[in-house]
Amino acid sequence: MSSNETAALRARKTWRTLEPLHGMIYFVPEGAEAYAMLGVTGRDGYFASRAAPMGAVSAEVVISTFFNFNPELVHAAIPAAWETTTPEALVAARLSAVDGACRRLLGDDVVGSAEMERAATLARTAAEQVAERVEGRPLAAAHAQLEWPEEPHLVLWHAQSILREYRGDGHVALLVTHGLSGIDALITHGAAGDVPPHVLRTSRAWSSEAWDSAVESMRSRGWLAGGERLTLSEWGAAQRQEIEDQTDVLATAPYAALGDEGCAELRSLARPWSTVFSEILFR
């Protein structure tokens, strides 16, 4: 395996292990409760809280950076959220929700442990590299300019937020260069068998008509095989694999600061906590 392949694999493995540490905030009740206290409810809380580090941006900016949601869903949330509260208040509310969820699910002993402190140090070392590489990474840049929290479990969460948005920004760039729209990307995801297509369609609020039309377009462009079942063609599968592989490559830089040993240690430390949060994400 070449050094580039090793670095790409390291980036993928570390992201996959730590991703539940960030992703849990979109599913735990503490998040919705914190945003509701500011007057932002339902799906609006997701869009507003994740976009808040960018400031009071327009719906079009959120549509662009989040990429695969029905624009009508975004327009229903933004800019109304900024008329209800401020981005700064939402950033603080999200961090408070993370604190509450971590203490409830992991316990104070884990939150205050030496292992948590060490994991936070490692993750921050990687995430701080993002601030030096923000070109073309709008969501990562926005998260990277926020002040670092003080408590280790919040440092770990914030670091992973920066790293996953850095990876996501690179992934979106590759989707665009491969000629895929947001709904197209969801269709390839569903056709690969990773997530049921109807879950992807409904969670991003696409109508059946819009989805079926995009499927036919994707089939005519060679991405999908024929037949009733949504599956990738041989060429489409190769294109999707290329996107995934290149996403790994574009995500490597921050993890180079840790190297193989540092990333392996970080994964080992975080794996038990990620397992706890994964149960929330995938139940």
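Author: Helices α7 and α11 cross in a right-handed way. This is a predicted model, where local features need pLDDT of at least 70 and side-chain atom pairs count only at pLDDT 80 or more, while totals for chains, interfaces and linings use all residues. Residues are numbered from 1 along each chain as its sequence is written, and side-chain values use heavy atoms, with hydrogens and water left out.

Reader: What makes a crossing right-handed or left-handed?

Author: The near helix is turned from the far one by less than a right angle: clockwise is right-handed, anticlockwise left-handed. The α7–α11 crossing falls in the right-handed class.

Reader: Why is α7 called oblique to α11?

Author: The axes of α7 (residues 87-106) and α11 (residues 152-177) come within 10 Å and cross at roughly 120 degrees. Angles under 35 degrees count as roughly parallel, over 145 as roughly antiparallel, and 65 to 115 as roughly perpendicular, the rest being oblique. Therefore α7 is oblique to α11.

Reader: Which residues make the contact?

Author: From α7 come R94, L95, V98, D99, C102 and R103, and from α11 H153, L154 and W157. Contact means heavy atoms within 4.5 Å.

Reader: How do you know whether A141 is buried, exposed or partly exposed?

Author: Its relative accessibility is 23%. Buried means under 20%, exposed over 50%, and partly exposed in between (1.4 Å probe, protein chains only). So A141 is partly exposed. A141 sits in helix α10, residues 138-144, and its C-alpha atom is 8.9 Å from that of P53, 88 residues away along the chain.

Terms used
Helices (H or I, at least four residues) and strands (E, at least two) are DSSP runs, numbered from the N terminus. Axes are lines fitted to C-alpha atoms, for helices over the stretch in contact, and angles run from 0 to 180 degrees between N-to-C directions.
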